[in-house]
Amino acid sequence: MSLENTTIVEILDTFEFLEDWEDKYRYIIDLGRKLPPLSDNEMTDEYKVRGCQSQVWLVPETDTEGHIILRGDSDAHIVKGLVAIMLLIFSGKTAAEIKATDARAILDQLGLASHLSPLRANGLFAMVERIYGIAEAA
């Protein structure tokens, strides 16, 4: 199973359907399980996201049409699910589209920031900032 056919709209719809935050956390963890693992050569300082409580890596690649394809991983189950959500929000967009994406609004719609520990929420926004930085450098 992969994330290929999943969209952020489906995530938003599922979150709306699930009433209990325990069910939402299980869903987030399940999303993380669908991420293909990174290789050991990719789990390096070059790709590490600073500011996360857990270890998080984001690997950017640009296709021939200028779309930034992101792959990611984490050593923590819930965080790996948060990485999956970040990839669904940003991966496959151009640098301009990434910079124009209001990730905070999407995350607010999901209610994530208010249901994560302060350290996890900081890590989530560190991922967003890292992705904006990747787009800026592209």
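**Residues, helices and core**

Student: Where does A137 lie?

Tutor: A137 lies in helix α7. Please keep in mind that this is a predicted model.

Student: Is A137 buried or exposed?

Tutor: A137 is exposed, because its relative accessible area is 69%, and the cut-off for exposed is over 50%.

Student: How many Å separate the C-alpha atoms of A137 and T6?

Tutor: The C-alpha atoms of these two residues, A137 and T6, are separated by 27 Å, and the residues are 131 apart along the chain.

Student: What is the place of T6, then?

Tutor: T6 is found in the segment before α1.

Student: And is T6 buried or exposed?

Tutor: T6 has a relative accessible area of 17%, so T6 is buried; buried means under 20%.

Student: Which residues does T6 touch, not counting those up to four places away in sequence?

Tutor: With those set aside, T6 touches I11 and L88.

Student: Let us move to the helices. At roughly what angle do the axes of α1 and α5 cross?

Tutor: The axes of α1 and α5 cross at roughly 30° and come within 9 Å. The angle is under 35 degrees, so α1 is roughly parallel to α5.

Student: Which residues meet there, in α1 and in α5?

Tutor: From α1, I8, I11, L12 and F15 meet I106, Q109 and L110 of α5. By class, this contact of α1 with α5 has 6 nonpolar residues, 1 polar residue and no charged residues.

Student: What about α3 and α5: where do their axes stand?

Tutor: The axes of α3 and α5 come within 11 Å and cross at roughly 130°. That angle makes α3 oblique to α5. The crossing in which α3 passes α5 is right-handed.

Student: Which residues of α3 and α5 meet?

Tutor: On the α3 side they are I85, M86, I89 and F90, and on the α5 side A103, I106, L107 and L110. The contact of α3 with α5 has 8 nonpolar residues, with no polar and no charged ones.

Student: How do the axes of α5 and α7 cross?

Tutor: The axes of α5 and α7 cross at roughly 150° and come within 11 Å.

Student: Why is α5 called roughly antiparallel to α7?

Tutor: Angles over 145 degrees count as roughly antiparallel, and therefore α5 is roughly antiparallel to α7. Here too there is a right-handed crossing, with α5 passing α7.

Student: Which residues meet in that pair, α5 and α7?

Tutor: A103, R104 and L107 in α5 meet L124, F125, V128 and Y132 in α7. These residues of the contact of α5 with α7 divide into 6 nonpolar, no polar and 1 charged.

Student: New topic: how many residues has the largest nonpolar core?

Tutor: The largest nonpolar core has 46 residues, and those with the most contacts inside it are I85, M86, F90, L107, L112 and M127. Elements that each supply at least two residues of this core include the helices α1, α3, α5 and α7 and the strands β1 and β2. The largest share, 11 residues, comes from α3.

Student: Take M86. What is it in contact with, leaving aside neighbours within four places in sequence?

Tutor: M86 is in contact with S91, L107, L124, M127, V128 and I131.

Student: And where does A95 lie?

Tutor: A95 lies in helix α4. A95 is buried, with a relative accessible area of 16%. Apart from residues up to four places away in sequence, A95 touches G66, I68, A135 and A138. Between the C-alpha atoms of A95 and I131 there are 9.5 Å in space, and the two residues are 36 apart in sequence.

Student: Is G123 buried or exposed?

Tutor: G123, in helix α7, is buried, with a relative accessible area of 5%. G123 touches G51 and C52, residues up to four places away in sequence not being counted. G123 and V79 are 44 residues apart in sequence, and their C-alpha atoms are 8.7 Å apart.

Student: Finally, where does T64 lie?

Tutor: T64 lies in the loop between β1 and β2, and at 83% relative accessibility T64 counts as exposed. T64 and T44 are 20 residues apart in sequence and 25 Å apart in space, C-alpha to C-alpha.

How values were computed: Residues are numbered from 1 along each chain as its sequence is written. This is a predicted model: local features need pLDDT of at least 70, side-chain atom pairs count only at pLDDT 80 or more; totals for chains, interfaces and linings use all residues. Side-chain values use heavy atoms; hydrogens and water are left out. A nonpolar core is a set of buried Ala, Val, Leu, Ile, Met, Phe, Trp, Tyr and Cys residues joined through side-chain atoms within 4.5 Å. Buried means under 20% relative accessible area, exposed over 50%, partly exposed in between (1.4 Å probe, protein chains only). Helices (H or I, at least four residues) and strands (E, at least two) are DSSP runs, numbered from the N terminus. Contact means heavy atoms within 4.5 Å. Axes are lines fitted to C-alpha atoms, for helices over the stretch in contact, and angles run from 0 to 180 degrees between N-to-C directions. Angles under 35 degrees count as roughly parallel, over 145 as roughly antiparallel, 65 to 115 as roughly perpendicular and the rest as oblique. A crossing is left-handed if the near helix is turned anticlockwise from the far one by less than a right angle, and right-handed if clockwise. Ala, Val, Leu, Ile, Met, Phe, Trp, Tyr, Cys and Pro count as nonpolar, Asp, Glu, Lys and Arg as charged, and the others, Gly among them, as polar.
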